[in-house]
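Please consult the sequence and the structure shown below while reading.

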Amino acid sequence: MTLMSIEELEDNFNHFDIDSDGTIELSEFNHLLVALEAIEPGESDPIGFDAIDTDSNGRIDFKEFSDWFNNR
């Protein structure tokens, strides 16, 4: 696996932040998982979402996403 710059990581985050509100909600997270072929279209993975959403507010902000990505 190659290292990803903060700009590349932010571009990926923004790509899946479909409504451009600065967070990834569960429905947007599901699009990310489908794109990664981690789940089939129509499936959901709230467990994976909850693991990244460390403040449990129902949204993944860029800091949570970046922390998760850098610690996986």
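Which residues does Ile-60 touch, not counting residues up to four places away in sequence? Ile-60 touches Phe-13, Gly-22, Thr-23, Ile-24, Phe-29, Phe-49, Ile-52, Asp-53 and Phe-65, where contact means heavy atoms within 4.5 Å.

## Basis of the description

The model is predicted, and local features need pLDDT of at least 70, side-chain atom pairs count only at pLDDT 80 or more, and totals for chains, interfaces and linings use all residues. Residues are numbered from 1 along each chain as its sequence is written, and side-chain values use heavy atoms, with hydrogens and water left out.

Helices (H or I, at least four residues) and strands (E, at least two) are DSSP runs, numbered from the N terminus. Buried denotes under 20% relative accessible area, exposed over 50%, and partly exposed the range in between (1.4 Å probe, protein chains only).

## The nonpolar core

The largest nonpolar core has 13 residues; such a core is a set of buried Ala, Val, Leu, Ile, Met, Phe, Trp, Tyr and Cys residues joined through side-chain atoms within 4.5 Å. Ile-24, Phe-29, Leu-32, Leu-33, Ile-60 and Phe-65 have the most contacts inside this core. Two or more residues each are given to the core by helix 1, helix 2, helix 3 (46-52) and helix 4.

Within helix 1 (residues 6-16), the residues Leu-9, Phe-13 and Phe-16 are buried. Seen down the helix axis, the buried residues of helix 1 fall within an arc of 70°, so they line one face of the helix; the arc is that of the directions from the helix axis to the C-beta atoms. An α-helix has 3.6 residues a turn, so residues three or four places apart point the same way.

The other side of helix 1 carries the exposed residues Glu-7, Asp-11 and His-15. Strand 1 (23-24), helix 2 (26-35), strand 2 (60-61) and helix 4 are the elements against which the buried residues of helix 1 pack.

## Helix 2

The buried residues of helix 2 are Glu-28, Phe-29, Asn-30, Leu-32 and Leu-33. They pack against helix 1, strand 1, helix 3, strand 2 and helix 4. Asn-30 counts as buried at 14% relative accessibility, and its contacts, leaving aside neighbours within four places in sequence, are Ile-39, Glu-43, Ser-44 and Asp-45. Helix 2 is followed by Glu-37, which has a positive phi, near 60°.

## Aromatic pairs

Rings of Phe, Tyr and Trp (its six-membered ring) pair if their centres lie within 6.5 Å; planes under 30 degrees apart count as stacked, over 60 as edge-to-face and the rest as tilted. By this rule the count comes to five aromatic pairs. The rings of Phe-13 and Phe-62 have centres 5.5 Å apart and planes at 80°, so this pair is edge-to-face. Phe-13 in helix 1 and Phe-62 in helix 4 are 49 residues apart, and their pair links distant parts of the chain.

Phe-13 counts as buried at 2% relative accessibility. With Phe-65, the ring of Phe-13 forms a tilted pair, because the centres are 5.4 Å apart and the planes are at 55°. This pair also links distant parts of the chain, with Phe-13 in helix 1 and Phe-65 in helix 4, 52 residues apart. Ring pairs join Phe-13, Phe-62, Phe-65, Trp-68 and Phe-69 into a cluster.

Glu-64 is found in helix 4 (residues 62-71). Glu-64 is buried yet has no salt bridge, defined as a side-chain nitrogen of Lys or Arg within 4 Å of a carboxyl oxygen of Asp or Glu. The nearest side chain of opposite charge is that of Lys-63, 8.8 Å away; Lys and Arg count as positive and Asp and Glu as negative, while His and the chain ends are not counted. Beyond its neighbours within four places in sequence, Glu-64 is in contact with Ile-52, Asp-53, Thr-54, Asp-55 and Arg-59.

Phe-69 lies in helix 4 and is buried, with a relative accessible area of 14%. Leaving aside neighbours within four places in sequence, Phe-69 is in contact with Met-4 and Leu-9.

## Positive phi in the loops

Ser-20, in the loop between helix 1 and strand 1, has a positive phi near 55° and counts as exposed at 62% relative accessibility. Ser-56 lies in the loop between helix 3 and strand 2; its phi is positive, near 55°, and at 62% relative accessibility Ser-56 counts as exposed.
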